[in-house]
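Colleague: I have a model open on my screen and would like to learn how to read it. Could you take me through some features?

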Amino acid sequence: MGTLIKPLNYEPLLDLKHTEQGIKIIKEFFQQNLSTELRLRRVTAPLFVLKGLGINDDLNGVERPVTFPIKDLGDAEAEVVHSLAKWKRLTLAEYGIECGYGIYTDMNAIRADEELDNLHSLYVDQWDWEMVITKEQRTLAFLKDIVERIYAALRRTEYLVCERYDEIKPFLPENIFFIHSEELREMYPDLTPKEREDEICKKYGAVFIIGIGGKLSDGKKHDGRAPDYDDWSTVAENGREGLNGDILIWYPVLQRSFELSSMGIRVDKEALLRQLKLEGKEEREKLYFHRRLIGGTLPLSIGGGIGQSRLCMVLLHKGHIGEIQASIWPEEMRRECESLGMNLI
């Protein structure tokens, strides 16, 4: 069982009925704001994809996807998605989405290898989004602009929730702070990456950590990223590697940093080949998705995922993600959560 964070003197601000109403309000309002802010159209997404095409998200490269045989395809294996990072780019091409526009979808995934705790569940639900961009927009400045627009939509949603429920008070800061993962390491060289995130989020309230996936100057990664969607190796205009990152906030209820989104400018052909080589994954060049990208039939893009249950948890000031979504939890965790006032659905 993962480590349960025990919030001090926790009392849920909303009962079950108002929590369910709040979840509906947040999901409807935020996705409309995200769609308008980034000019995204909604599309229907798969729950599973065929194994061996290179379409499924490999996350950190060690998580095992849930698989099952398909009777009518000669027992060919399908994989339940981890996320839709690569599928979305194929869909941009298939739909012929023009530059400056994009897509978003409700992504539902099963991550059987998650260590279950207040923030991590077997069930993952995200708004996955992807936008077509130009070669000239593959810059840190453009990435920051998109991050700020997403953060503005998050704050608007928080305002709506606080207007609806007097018990809930806003806590997100007006602005989001940007820092590269190497700068963060230099600030806190004796801390672990997670401890660095806690320190920087406690200081600024909302932070975007740039450049996640490649090795830092100490030879270690801030966090893992698959080599074939986010571009974490291109040198940006700040002289540092990486055109991707994570949106994190300081969450007062749990007194820790809290990731809401992982996103970034996606690899072009050069970055893909470079990152596959860096990770020793050159054999993926033969897979369907990778051949399409190397062959130039996929558009340049930026994209990411925003946790639905996580956003609802934060904006409704809940102590455990199981208060927002129905999933499977160890019985010991359920009992302990109940004793702390966190009643899991």
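This is a predicted model: local features need pLDDT of at least 70, side-chain atom pairs count only at pLDDT 80 or more; totals for chains, interfaces and linings use all residues.

Colleague: Which residue in S4 is the bridge partner of Phe 48?

Modeller: Residues are numbered from 1 along each chain as its sequence is written, and side-chain values use heavy atoms, with hydrogens and water left out. Helices (H or I, at least four residues) and strands (E, at least two) are DSSP runs, numbered from the N terminus, and two strands pair if DSSP finds at least two bridges between them. Here, Phe 48 has Val 80 in S4 as its bridge partner. Strand S2 (residues 48–50) and S4 run antiparallel and are joined by 3 bridges.

Colleague: How many bridges join S3 to S4?

Modeller: S3 and S4 are joined by 4 bridges and run antiparallel, with Ile 70 opposite Ala 76 in S4. Their hairpin has 5 residues between the strands, and Gly 74 there takes a positive phi near 65°.

Colleague: Is His 317 buried or exposed?

Modeller: Buried means under 20% relative accessible area, exposed over 50%, and partly exposed in between (1.4 Å probe, protein chains only). His 317 counts as buried because its relative accessibility is 14%. Glu 282 is partly exposed, at 37%, and lies in the loop between helix H6 (269–278) and helix H7 (288–294).

Colleague: Which residues have the most contacts inside the largest nonpolar core?

Modeller: In soluble globular proteins, nonpolar side chains tend to be buried together. A nonpolar core is a set of buried Ala, Val, Leu, Ile, Met, Phe, Trp, Tyr and Cys residues joined through side-chain atoms within 4.5 Å. The largest one here has 61 residues, and Trp 129, Met 263 and Ile 302 have the most contacts inside it. Helix H3 (residues 140–164) gives the most to this core, with 11 residues. A second, separate core has 21 residues, including Val 43 and Leu 276.
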